[in-house]
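Please read it with the sequence and structure at hand.

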Amino acid sequence: MLGNTNNSSANNSSVNLLHGSESNDTNCGFTDGPAEVYITIHVVTLVVSLVGNILLIAAYVRMKEIIMLPIANMAASDLLTALVLMPRLIKSEFTGSNAFLIHGDFGTFLCKMSVFLSDISLSVSTQSLVFIAIERFLAIAYPIFYRKFAMDFASQP
């Protein structure tokens, strides 16, 4: 019966560690400082994002070069994030609550769409960044292959 010892104190401490009851002092909130600082940061980020991404999209529309397409795609995705996510962050800093301000069926729809669009925007932005990195790598590591590939791609209707 040597292998059947009871370590109830060890089991209880591991359960306490798993459930986090040992350190209840930690604050998992998003903001720990003054709300005015976070509101200012969010507003400045919103304005810079709107202006910068609109300028990038306008540059792509004006130039219409194929090399600018992934950058314009990422700018459109970041613009969508600025329009959907940043106002909710600013509102939650003002009110101190994550509750959606529009009630009813339309509010439920907007709440679910804002979460969906922010997730999709993050995914599109990440995929665009990976595509840009692969394209730049091919242009540097294999310039002859890249030039042939780019010319074939650009000549397609």
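1. The model discussed here is predicted.

2. In α3, a kink of about 30 degrees lies at Leu85.

3. Helix α3 comprises the 27 residues 69-95, and its end C-alpha atoms are 39 Å apart. This agrees with expectation, because at 1.5 Å a residue the helix should span 39 Å. Just after α3, Gly96 adopts a positive phi of about 80 degrees.

4. As to the overall fold, the protein chain contains 5 helices and 0 strands. Read from the N terminus, the order of elements is α-α-α-α-α.

5. An unreviewed UniProt entry lists residues 39-61, 68-90 and 128-146 under "transmembrane region". In the model, residues 39-61 are 100% helix and 0% strand, with end C-alpha atoms 33 Å apart. Residues 68-90 are 96% helix and 0% strand, and there the end C-alpha atoms are 31 Å apart.

6. What share of the 157 residues of the protein chain counts as buried? The figure is 18%. The protein chain exposes about 12,000 Å², of which carbon and sulfur atoms supply 67%.

7. Among contacts in the protein chain with a separation of 6 or more, 63% are between residues 24 or more positions apart.

Key:
Residues numbered from 1 in each chain as written. Predicted model: local features only at pLDDT ≥ 70, side-chain atom pairs only at ≥ 80, totals over all residues. Heavy atoms only, no water. Helix = DSSP H or I, 4+ residues; strand = E, 2+ residues; numbered from the N terminus. Buried < 20%, exposed > 50% of the residue type's maximum accessible area, 1.4 Å probe, protein only. Contact = heavy atoms within 4.5 Å. Areas by Shrake-Rupley, 256 points an atom, 1.4 Å probe, with all protein chains shown as cover. UniProt positions renumbered as here; feature names shortened; annotations may be inferred. Expected span 1.5 Å × (residues − 1). Bend = angle between axes of the 7 residues up to and from the residue.
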